[in-house]
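This report covers selected local features of one protein model. The sequence and structure come before the details.

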Amino acid sequence: MSLIAVERRGPIEIWTLNRAERLNALPDPDDGEAFARACETVNADAEARCVILTGAGRAFSAGGDLTAMRDKRDLFQGGGADLRQAYRRVVHRIVRSLYGLEVPLIAAVNGPAMGLGCDIAGLADLRLASTQARFGVPFLKLGILPGDGGAWLLPRNVGYVRAAEMLFTGRAIDAETALDWGLINRLTTPESLMDEALALAGEVAAQPPHALRMAKALLRQGRDANFDQMLEMTAAMQALAHLTEDHAEGVAAVLEKRPATFTGR
């Protein structure tokens, strides 16, 4: 069974973590390849404009497989050098692939998102969660650390002191707290989660596709670039955007008071 079940609805792809019997535990040894393949396919597809990521069953992802950790099998076998390479080969490939996804990613968090699952949700550009969702990074309770870049990501999503509280105590937060802390954009009922995610994805997918991808790249680069670097990147990308047919269509649509139809040209 493939880890990621893919459904296409026009310019929107829905990715469902398809390991419900194990609460969508991650990662198995082939999971890095699965995420890389999905992201590379979308990046190469000029018609793709948005991706929704959710989980099958009652969890988004429970994170690491504790029985595999206990038994020192699969990803967790071998000595220190073996484990380091396994994290780089599998876990880091997952998060690097998602971070490098060129179109906006919406996380539709349907249930618990723990450990790597929490950090994968945190890599999304937009996050919706049902009232059944919970978010936690209980690495220290297992005597390990966030090996997926979470110590870099989580403070950028909720601020340093809240990230420190989550990491140092191992306590999970409920969906209402996640909304209050800015970890998610919107809270929904379980029944309306995917409808709201699809509606949001539809709004995103209605934007001009080249400009949309460039806008995402600017937001990501803006986390670490200084202001002068950002201005230079903005000038270069803006120059390209001005030369597109979609720019002319957008201006005409506003002046003519009608919806724009963007074609990616």
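Where does Lys 72 lie? Lys 72 is found in the loop between α2 (66-71) and α3 (80-99), where helices (H or I, at least four residues) and strands (E, at least two) are DSSP runs numbered from the N terminus.

## Basis of the values

This is a predicted model, in which local features need pLDDT of at least 70 and side-chain atom pairs count only at pLDDT 80 or more, while totals for chains, interfaces and linings use all residues. Residues are numbered from 1 along each chain as its sequence is written, and side-chain values use heavy atoms, with hydrogens and water left out.

## Backbone features in loops

Lys 72 has a positive phi, near 55°, and is a residue other than glycine. With a relative accessible area of 56%, Lys 72 is exposed; buried means under 20% relative accessible area, exposed over 50%, and partly exposed in between (1.4 Å probe, protein chains only).

Asn 24, not a glycine, also has a positive phi, of about 55°. Asn 24 belongs to the loop between β2 and α1 and is buried, at 0% relative accessible area. Pro 27 is found in the loop between β2 (12-17) and α1 (31-43). The peptide bond leading from Leu 26 to Pro 27 is cis, its omega near -5°.

## Strand β1

Val 6 sits in strand β1 (residues 4-9). Neighbours within four places in sequence aside, Val 6 contacts Glu 13, Ile 14 and Trp 15, contact being heavy atoms within 4.5 Å. Val 6 and Arg 171 are 165 residues apart along the chain, and their C-alpha atoms are separated by 32 Å.

## Aromatic pair

A search of the whole structure gives 1 aromatic pair. Tyr 99 and Trp 152 form this edge-to-face pair, at 6.0 Å centre to centre and 80° between the planes. Because Tyr 99 lies in helix α3 and Trp 152 in helix α5 (residues 150-158), the pair ties together parts 53 residues apart in sequence. Rings of Phe, Tyr and Trp (its six-membered ring) pair if their centres lie within 6.5 Å; planes under 30 degrees apart count as stacked, over 60 as edge-to-face and the rest as tilted.

Tyr 99 is partly exposed at 28% relative accessibility, and Trp 152 is partly exposed at 33%.

## Helix α6

Val 161 lies in helix α6 (residues 160-169). At 64% relative accessibility, Val 161 counts as exposed.
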